[in-house]
Amino acid sequence: MANVVVIGAQWGDEGKGKITDLLSKSADVVVRYQGGVNAGHTVVVKDQTFKLHLIPSGILYPETECIIGCGTVIDPKVLIEELDQLISLNISTDNLLISETAHVTMPYHRLIDRASEEHRGTHKIGTTGRGIGPTYADKSERTGIRVVDLMDADTLRKQLHWTINYKNGILEKLYGLPPLDVEAVTAEYLEYADRLRPHVVDSSLKIYDAIRRKRNILFEGAQGTLLDLDHGTYPYVTSSNPVAGGACVGTGIGPTVIDRVIGVAKAYTTRVGEGPFPTELHGEVGTLLCDRGAEFGTTTGRQRRCGWFDAVIGRYAVRINGLDCLAITKLDVLDEMEEIQVCVAYELDGQRCEDFPSNSRLFARCKPIYKTVPGWKRSTEECKSLEDLPSQALDYLKFLAELMDVPIAIVSLGASRDQTIIVEDPIHGPKRALLYTNGTPQAVVK
């Protein structure tokens, strides 16, 4: 039995959807623990592409129980659209469970999110405009609507009567927007409640029961470490805690039940939205990475900013999350490169900096210090094992493992499930290490 957390080790968009999908095959339960419809997980199975925002990737396995935890914020309209999409593709959604204490994104959250971002002007954050931040803000202010409130018509009417009148004052006076109709919103969300009611449970109790029965549980985060509200590049962050510790708060479990934490990182680096990005590339190489990597957001369609692999933020992700293995994705995107650069440290005000600075103003002044390594100029997309990889590609993976001081368990070479080299199954397999950091140049059992 193993309880495993999967997190993004960069700025999100690392390919967590595919890795979660792969690991879900070995899991009995998959739990999403934070974020909302601002997340986008793309999973490719044969000739079908699934784009999921709220529903855990494990839904594609009919025997896997999928839970949306209390740390998420749920937009019922989008969730129902996802359910309908899956049903239309003959994917069963009977095994989806929703936490009754998760907070609900309402129409006024989306309106305030978009209007607030527009009013920021040059100080904009790069929000998706999906109402995530305002939903979490209401949660902190203790004025939020929770899933359990949707299930009781009288409670919902009373809460929305006060809340919408209050929010209408903000919409009208601050942003010059028309007010919302209390009765119309109430009626709309009561319809959503009827559709979702069969899925609503005490999720913490369900998860605890699974732990007691020694079932394999996979905890799935959204976004990435550098977008964490407390540990990311603030203020250019999300409104929740994608780091591994967020799995405990966002599901209602204690830290002692977590057995392993796997971080997902691209073989290069990307980020969406505003904020400093030391290794960002603006020329031909950046365009090549974007085109070959299809770097456009699942949720917004925005083009991602691309740059070389940043081992400084990688080491930071290892430290903040307690990573014990890595999944490296999109190695194939580098196949055409003659040379590859890796950021091994920063130059900050004339001094070498090995560690990620928590001060955002200092981070904005960091310049990358690169080490150049040879490319392999050969396709890796059909490689099925480490032995199939070009020697330079294997050397590149070795270098990343050594820089981050953590072994690599999975290597992804494309979007499809079968384009993956699994050195170690973090759920079932014995602990193995690809090019472990003691210098051993092959996979070894620890």
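Tutor: Here is a chat about the whole chain and then some of its residues. This is a predicted model, in which local features need pLDDT of at least 70, side-chain atom pairs count only at pLDDT 80 or more, and totals for chains, interfaces and linings use all residues. Residues are numbered from 1 along each chain as its sequence is written, and side-chain values use heavy atoms, with hydrogens and water left out.

Student: Thanks! What is the mean pLDDT of the chain?
Tutor: The mean is 91, and 94% of the residues reach 70 or more. pLDDT is the predictor's confidence in each residue, from 0 to 100.

Student: And where does pLDDT stay under 50?
Tutor: Over residues 436-446, for which the model has 22 contacts beyond four places in sequence. Contact means heavy atoms within 4.5 Å. Where pLDDT is low, the predicted coordinates should not be read in detail.

Student: Good to know. How many helices and strands are there?
Tutor: The chain has 13 helices and 22 strands. Both are DSSP runs numbered from the N terminus: helices are H or I with at least four residues, strands are E with at least two. The radius of gyration is 22 Å, close to the 22 Å from the globule rule for 446 residues, so the chain is as compact as a globular protein of that length. That radius is taken over C-alpha atoms, and the rule is 2.2 Å times the number of residues to the power 0.38.

Student: What box do the C-alpha atoms fill?
Tutor: Roughly 65 × 50 × 40 Å, taken along the principal axes.

Student: How much of the chain is buried?
Tutor: Buried residues make up 58% of the 446. Buried means under 20% relative accessible area, exposed means over 50%, and partly exposed is in between (1.4 Å probe, protein chains only). As for contacts between residues at least 6 apart in sequence, 75% join residues at least 24 apart.

Student: How many charged side chains, positive and negative?
Tutor: There are 49 positive and 59 negative side chains, and the centres of the two sets lie 2 Å apart. Lys and Arg count as positive and Asp and Glu as negative, while His and the chain ends are not counted. The place of a charge is NZ of Lys, CZ of Arg, CG of Asp or CD of Glu.

Student: Let's zoom in. Is W11 buried or exposed?
Tutor: W11 is buried, with a relative accessible area of 2%. It is found in the loop between strand 1 (3-8) and helix 1. Not counting residues up to four places away in sequence, W11 touches residues including G224, L226, T269, R271, F277 and F363.

Student: Which residues of helix 4 are buried?
Tutor: In helix 4 (residues 132-141) they are I132, P134, T135, Y136 and D138. Those residues pack against strand 6 (73-74), strand 8 (103-104), helix 3 (107-120) and helix 6 (153-174). Just after helix 4, R142 takes a positive phi of about 65°.

Student: Where else is phi positive in a residue other than glycine?
Tutor: A294 is one of them, with phi near 50°, in the loop between helix 10 (284-292) and strand 13 (305-307). D405 has phi near 55° and lies in the loop between helix 13 (391-404) and strand 19 (408-412). D405 is exposed, with a relative accessible area of 53%.

Student: Which peptide bond is cis?
Tutor: The bond from Y234 to P235, with omega near 10°. P235 is in the loop between strand 10 (217-220) and helix 9 (246-249).

Student: Last one: where is D47?
Tutor: D47 sits in the loop between strand 3 (41-45) and strand 4 (48-52). D47 is exposed, with a relative accessible area of 75%. D47 and S416 are 369 residues apart along the chain, yet their C-alpha atoms are separated by 8.9 Å.
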